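Hello,

Here is the structure I promised to pass on to you. Please have a look at the sequence and the model first, and then read my notes below.

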Amino acid sequence: MSVPSMTLYYNAASPFARKVLILLYETGQTGRVTLKPVNVTPVNPHLEVCHDNPCGKIPALCLADDNVIHDSRVILDYLDHQHVGNPLIPRDGSARWRRLTLASLADALLDAALLIRYETFLRPEEKRWDEWVDNQSEKISRSLAYFETEAVTELSAHFDIASISLASALGYLDFRQPNLGWRSSYPRLASWYYEVSQRPSMLETQPPA
């Protein structure tokens, strides 16, 4: 058995870290990476993470040569070049830009969901801004509507960078906003998510209950 050559700073509740974990499972690279759980919030930085990633965010991937790469999109791109199977990020052409754009929209949805989490959980109650939360919620609704009407068919064709990003985002909505009830408004998306959520990579990376 090979010794892991990389270390991933992550948290099981982080949807951005989950994207990386899903790709590792999908590409058969889990044995190459040691998982190092850390607790990081915008108001509680982790010194070791900050040493390797100045902005203090996870996920961060320490390579065999001790160089560290960070931001989930950068890590995903790096890892997708480290396996011999079909790439999960198209290498060139219109397919590359389309799938990366869909992945970016899923990440924007995630960003909005995280901002709601920070505003309603971390910020003191007397300082919370309802209009801010409402606007983040609208971003989520617009993004879900786009995936429902414009992208769900093509997402069904391949489980790749776009699918991984959206599945992680929807999983996070279930995890942190279980009362949102998005499935009733976006039935095609709900059907797609039901199918992909049964993949081993999704089952193995579910956030803690």
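A word on naming before the findings: helices (H or I, at least four residues) and strands (E, at least two) are DSSP runs, numbered from the N terminus. Please keep in mind that this is a predicted model, in which local features need pLDDT of at least 70, side-chain atom pairs count only at pLDDT 80 or more, and totals for chains, interfaces and linings use all residues. Residues are numbered from 1 along each chain as its sequence is written, and side-chain values use heavy atoms, with hydrogens and water left out.

Let me start with the open spaces. Everything here was computed on a 1 Å grid over the protein atoms alone: a pocket is an open set of points with protein on both sides within 12 Å along at least five of seven lines, a cavity is a set of points where a 1.4 Å probe fits but cannot get out, and lining residues have an atom within 4 Å of a point. Grid points are joined across faces, edges and corners, and a volume is the space filled by probe spheres set on the points.

The largest pocket holds about 910 Å³ of space. Its lining has 30 residues, and those nearest its centre are Ser14, Val40, Ile58, Leu114 and Tyr118. Helix H4 (93-122) is among the elements that supply at least two residues each, along with H1, helix H3 (72-80) and H6. The largest share, 8 residues, comes from H4. By class, the lining of this pocket divides into 15 nonpolar, 8 polar and 7 charged residues. For these classes, Ala, Val, Leu, Ile, Met, Phe, Trp, Tyr, Cys and Pro count as nonpolar, Asp, Glu, Lys and Arg as charged, and the others, Gly among them, as polar.

The second largest pocket has a volume of about 150 Å³. Among the residues that line it are Arg18, Gly171, Phe175, Arg183, Tyr193 and Pro207. H6 and helix H9 (200-204) each give at least two residues to this lining, and H6 has the largest share, with 3 residues.

The largest cavity has a volume of about 40 Å³, and its lining includes Ser14, Arg18, Gly171, Tyr172, Phe175 and Pro207. Helix H1 (15-26) and helix H6 (161-176) are the elements that give two or more residues to that lining. H6 gives the most, with 4 residues. The classes here are 6 nonpolar, 3 polar and 1 charged.

Ser14 is buried, with a relative accessible area of 13% (buried means under 20%, exposed over 50% and partly exposed in between, using a 1.4 Å probe and protein chains only). A polar atom of the Ser14 side chain lies 3.1 Å from the backbone nitrogen of Ala17.

What about the rings? There are 4 aromatic pairs, counted when the centres of Phe, Tyr or Trp rings (for Trp, its six-membered ring) lie within 6.5 Å; planes under 30 degrees apart are stacked, over 60 edge-to-face and the rest tilted. One of them joins Tyr146 and Phe147, edge-to-face at 6.4 Å centre to centre and 75° between the planes. Tyr146 is partly exposed at 32%, whereas Phe147 is buried at 0%. In Tyr172 and Phe175 the ring centres are 6.4 Å apart and the planes are at 70°, so this pair is edge-to-face. These two residues are 3 apart in helix H6, about one helical turn. Tyr172 is buried at 4%, and Phe175 is partly exposed at 22%.

Finally, some backbone details. A cis peptide bond, with omega about 5°, joins Ile58 and Pro59. Pro59 sits in the loop between helix H2 (47-52) and strand S3 (60-62). Asp66, which is not a glycine, has a positive phi near 75°; it is exposed, at 61% relative accessibility.

Enjoy exploring the model!

Best wishes

Note on methods
Polar contact = N/O pair within 3.5 Å; in protein donor to acceptor, adjacent residues only side chain to side chain.
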